[in-house]
Amino acid sequence: MARELLTRYVWIVDTLTRYGRLSKKEIDERWARSHLSNGETEIPRRTFYNYRQAIEELFSLTIKCDEHTYEYYIDGDGEGADPRHSRMTEWLLNSSSTSSVVSGARDISNRVMLENVPSAREFLSPIMEAIRENHPVTFDYHPYTRVNPSHGVEIEPYFIRIYRQLWYVTGRNTADGKVKTYSLDRMKNLTIGTETFSLPPDADPELYFSDAVGIMVTKGEPREVRLRATARQAKYLRALPLHPSQREEVGDKHSVFTYRLLLTSELVSEIISRGPEITVVSPPELKAMVREQLSAALRNYDQRTGPEHA
């Protein structure tokens with residue numbers, strides 16, 4: 001029932017976002033044609049009022065009624081001052097809206113192809129609870145880079161992040177005192193401790209990841225990174241910037257993009273994934289890192305060292 005209500009809230013927000021202003025009659029007409037109506041021809045006024053209240057509490061969006069036209073609309077000034085709150089609300093709406101659309105498309109499921117993503121449902125909720133109450137969490141962790149898992153890892157969770165459809169938690173490892181990031185899909189046997197910890201005043205996810213591409217953060221100082229991109233690849237980078245610090249210098253046949261970034265293996269992988277359409281201009285250390293990775297990949301195809309000659 002709760003999921004159905006959430007879907008209805010999202011439908012109302014999405015409808016008003018698309019059409020701007022609608023009278024109650026116009027909302028009911030669209031409701032009757034939606035897959036959510038179950039044959040209902042209208043949303044009862046009392047129910048609609050309750051939905052508006054719930055939307056304001058859940059998404060911090062205010063649906064107002066123009067006293068002159070009796071049209072309902074989303075108040076553009078309803079957002080809080082913190083832009084991160086606005087981004088979270090937008091993400092919630094986008095995710096819920098997509099889920100609602102897919103749920104209503106079961107009749108064409110044989111024509112919809114979805115990506116299989118490791119789920120974090122099991123631990124996302126308890127970790128959020130631990131973050132809210134400042135409780136440590138303990139879990140077994142088995143990263144892809146190790147043969148055997150680490151048992152009884154305890155961290156003080158500072159914040160969570162979603163990156164490329166995977167959820168991560170960042171916090172202080174109580175064993176070595178270092179701040180580390182863990183993937184929720186690699187966890188087992190998570191428990192929440194009863195004691196509490198004090199959140200450091202500088203524990204801010206925006207600040208922590210400000211100079212990183214992805215979830216890898218190193219101790220080194222961020223560097224000015226310049227990448228030369230073909231005209232075609234430049235279009236992709238404009239549409240989906242590699243990093244918020246991105247700046248572009250447009251040339252005749254290519255563009256040069258400048259960033260302030262930590263030099264990590266994750267950055268190298270991102271550059272290599274773009275193929276020959278991106279070239280590192282500077283710094284020389286990043287050039288060397290990319291060159292070494294490419295050379296290592298080519299060695300895998302060297303006939304003298306291939307599996308058939310091993």
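Predicted model: local features only at pLDDT ≥ 70, side-chain atom pairs only at ≥ 80, totals over all residues.
Residues are numbered from 1 along each chain as its sequence is written, and side-chain values use heavy atoms, with hydrogens and water left out.

The protein contains 9 helices and 12 strands; these are DSSP runs numbered from the N terminus, helices being H or I with at least four residues and strands E with at least two. Of its 310 residues, 36% are buried, where buried means under 20% relative accessible area, exposed means over 50%, and partly exposed lies in between, with a 1.4 Å probe and protein chains only. The accessible surface comes to about 19900 Å², and carbon and sulfur atoms account for 51% of this area; the areas come from the Shrake-Rupley method with a 1.4 Å probe, and for residues only the protein chains shown count as cover. A contact requires heavy atoms within 4.5 Å. Among contacts between residues at least 6 apart in sequence, 57% join residues at least 24 apart.

Helix H3 covers residues 45–59, 15 residues in total, and spans 21 Å from its first C-alpha to its last, close to the 21 Å expected at 1.5 Å a residue. That expected span is 1.5 Å times one less than the number of residues. The buried residues of H3 are Phe-48, Tyr-51, Arg-52, Ala-54, Ile-55 and Phe-59. Directly after the helix comes Ser-60, with a positive phi near 55 degrees.

An open sheet is formed by 5 strands in the order E7-E6-E5-E4-E8, with antiparallel pairing; two strands count as paired if DSSP finds at least two bridges between them. Strand E7 (179–183) and strand E8 (187–192) stand at the edges with a single partner strand each, so one side of each lacks a neighbour in the sheet. On average, neighbouring strands of this sheet are turned by 45 degrees against each other, direction ignored. Such angles are taken between axes, which are lines fitted to C-alpha atoms (for helices over the stretch in contact), and run from 0 to 180 degrees between N-to-C directions. In general, strands of a sheet pair through backbone hydrogen bonds, either parallel or antiparallel.

Within this sheet, strand E5 (residues 150–163) and strand E6 (residues 166–173) pair in the antiparallel sense over 8 bridges. Phe-159 has Thr-170 in E6 as its bridge partner. E6 is also joined to E7 by 5 bridges, again in the antiparallel sense, and Gly-171 stands opposite Lys-180 in E7. E6 and E7 form a hairpin with 5 residues between them, and Gly-177 in the turn has a positive phi of about 75 degrees.

The structure also holds 10 aromatic pairs. Rings of Phe, Tyr and Trp (its six-membered ring) pair if their centres lie within 6.5 Å; planes under 30 degrees apart count as stacked, over 60 as edge-to-face and the rest as tilted. The ring centres of Trp-11 and Trp-31 are 5.2 Å apart and their planes stand at 75 degrees, so this pair is edge-to-face. It links distant parts of the chain, with Trp-11 in helix H1 (residues 2–19) and Trp-31 in helix H2 (residues 24–33), 20 residues apart. Trp-11 is buried at a relative accessible area of 12%, and Trp-31 is buried at 1%. Phe-48 and Tyr-72 form another edge-to-face pair, 5.0 Å centre to centre with 80 degrees between the planes. This pair connects helix H3 with strand E3 (residues 71–74) across 24 residues, and both Phe-48 and Tyr-72 are buried. Phe-139, Tyr-141 and Tyr-182 are linked by ring pairs into a cluster.

Most residues other than glycine have a negative phi, and most peptide bonds are trans. Asn-38, in the loop between H2 and H3, has a positive phi of about 55 degrees and is exposed at a relative accessible area of 63%. Tyr-70 has a positive phi of about 60 degrees; this residue lies in the loop between strand E2 (63–65) and E3 and is exposed at 58% relative accessibility. A cis peptide bond joins Ser-282 and Pro-283, with omega about 5 degrees. Pro-283 is found in the loop between strand E12 (278–282) and helix H9 (284–299).
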